[in-house]
Amino acid sequence: MSLSDAELAVVCGSHNGERKHVNAARNILEKIGAHESELYCGASWPALKKEQENHIRAKGEPLSIFHNCSGKHAGMLALCHFRKIASHHYWKFDHPVQESIRSVLADLSGVPAGNFASGTDGCGVPNYALPLSAAARLFAHLADPSGLPEGRRKTIERIRKAMTGFPDMVAGTDRFDTALMKATRGRILSKAGGEGVEAFAIPSLGIGGVVKLL
């Protein structure tokens, strides 16, 4: 059992909560035998106004699966499944999933994990502050992972292929990241973050960058 490229893209995204995003996140949960109630990201309305209005008219309620980070959380649960580790409290700082995330961030950013300034993201999981130069280095590896060990290189290439191949799943209707990747036909990979952060990778040039609006 593995994730499709569309499902992997929604794991990497911050989506609108459109039907395609919800279906992809639910497919991931179904594949690993998990339930929406296990998502720790918190209940939310779909971000896209049309979807939100339709859901309200149908007398629906906010759901965790609509949260823009439900794909990421489904991905964390999938990692627990693939590694055969308990998913209970997967969002906590000392859980093996979060330790794995810190390890990869440290390896690819060049910043020791012990130097990370940490906090809690809006979706409930640990989040880390990095210098913009280190964050840009992460996206440079996403643009060109050729100098990395084979296993990690193939993983990053798969992630890049998924995001640029399914830009609708990374963000969605009327979103900058989706529009940019579509307009450039995948020549630029783009991913927004919180607090006015926008990151990008240009595979043909092997470069990455991060912009922070003050």
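Gly-193 stands opposite Val-197 of β4, in a predicted model whose local features need pLDDT of at least 70, whose side-chain atom pairs count only at pLDDT 80 or more, and whose totals for chains, interfaces and linings use all residues. Residues are numbered from 1 along each chain as its sequence is written, and side-chain values use heavy atoms, with hydrogens and water left out. Helices (H or I, at least four residues) and strands (E, at least two) are DSSP runs, numbered from the N terminus.

**The sheet**

- An open sheet is formed by 3 strands in the order β3-β4-β5, with antiparallel pairing; two strands pair if DSSP finds at least two bridges between them.
- The edge strands, each pairing on one side only, are β3 (189–193) and β5 (207–212).
- From one strand to the next, the twist averages 15°.
- In a regular strand, side chains alternate between the two faces of the sheet.

**Pairing of β3 with β4**

- Strand β3 pairs with strand β4 (residues 197–202) in the antiparallel sense over 5 bridges.
- Leu-189 has Ala-201 of β4 as its bridge partner, Lys-191 stands opposite Ala-199 in β4, and Gly-193 faces Val-197.
- The two strands form a hairpin with 3 residues between them, and Glu-195 in the turn has a positive phi of about 60°.
- Helix α9 (residues 176–183) lies across β3 and β4 and runs at about 170° to β3. Axes are lines fitted to C-alpha atoms, for helices over the stretch in contact, and angles run from 0 to 180 degrees between N-to-C directions.

**Pairing of β4 with β5**

- The antiparallel pairing of β4 and β5 extends over 6 bridges.
- Within this pairing, Glu-198 stands opposite Val-211 in β5.
- The hairpin of β4 and β5 has 4 residues between the strands, and Gly-206 takes a positive phi near 65° there.

**Packing of α2 with α4**

- Helix α2 (residues 19–32) and helix α4 (residues 70–83) pack at an angle of about 15°, their axes being 9 Å apart.
- That angle makes α2 roughly parallel to α4. Angles under 35 degrees count as roughly parallel, over 145 as roughly antiparallel, 65 to 115 as roughly perpendicular and the rest as oblique.
- The crossing of α2 past α4 is left-handed, a term used if the near helix is turned anticlockwise from the far one by less than a right angle, with right-handed used if clockwise.
- From α2, Ala-25, Ile-28, Leu-29 and Ile-32 meet Ser-70, Ala-74, Leu-77, Ala-78 and His-81 of α4, where contact means heavy atoms within 4.5 Å.
- This contact of α2 with α4 comprises 7 nonpolar, 2 polar and no charged residues. Ala, Val, Leu, Ile, Met, Phe, Trp, Tyr, Cys and Pro count as nonpolar, Asp, Glu, Lys and Arg as charged, and the others, Gly among them, as polar.

**Packing of α4 with α5**

- The axes of α4 and helix α5 (residues 96–109) cross at roughly 105° and come within 10 Å.
- Helices α4 and α5 are therefore roughly perpendicular to each other.
- Met-76, Leu-79, Cys-80 and Arg-83 in α4 meet Val-97, Gln-98, Ser-100 and Ile-101 in α5.
- By class, the contact of α4 with α5 has 5 nonpolar, 2 polar and 1 charged residues.

**Packing of α6 with α7**

- Helix α6 (residues 132–143) packs with helix α7 (residues 150–165) at an angle of about 90°, and their axes are 8 Å apart.
- Helices α6 and α7 are therefore roughly perpendicular to each other.
- His-141, Leu-142 and Ala-143 of α6 make the contact with Ile-156, Ile-159 and Arg-160 of α7.
- The residues of the contact of α6 with α7 divide into 4 nonpolar, 1 polar and 1 charged.

**Salt bridges**

- The structure holds 10 salt bridges, each defined as a side-chain nitrogen of Lys or Arg within 4 Å of a carboxyl oxygen of Asp or Glu.
- One of them joins the side chains of Arg-26 and Glu-36 (2.5 Å, N to O).
- This pair links distant parts of the chain, 10 residues apart, with Arg-26 in helix α2 and Glu-36 in the loop between α2 and α3 (49–57).
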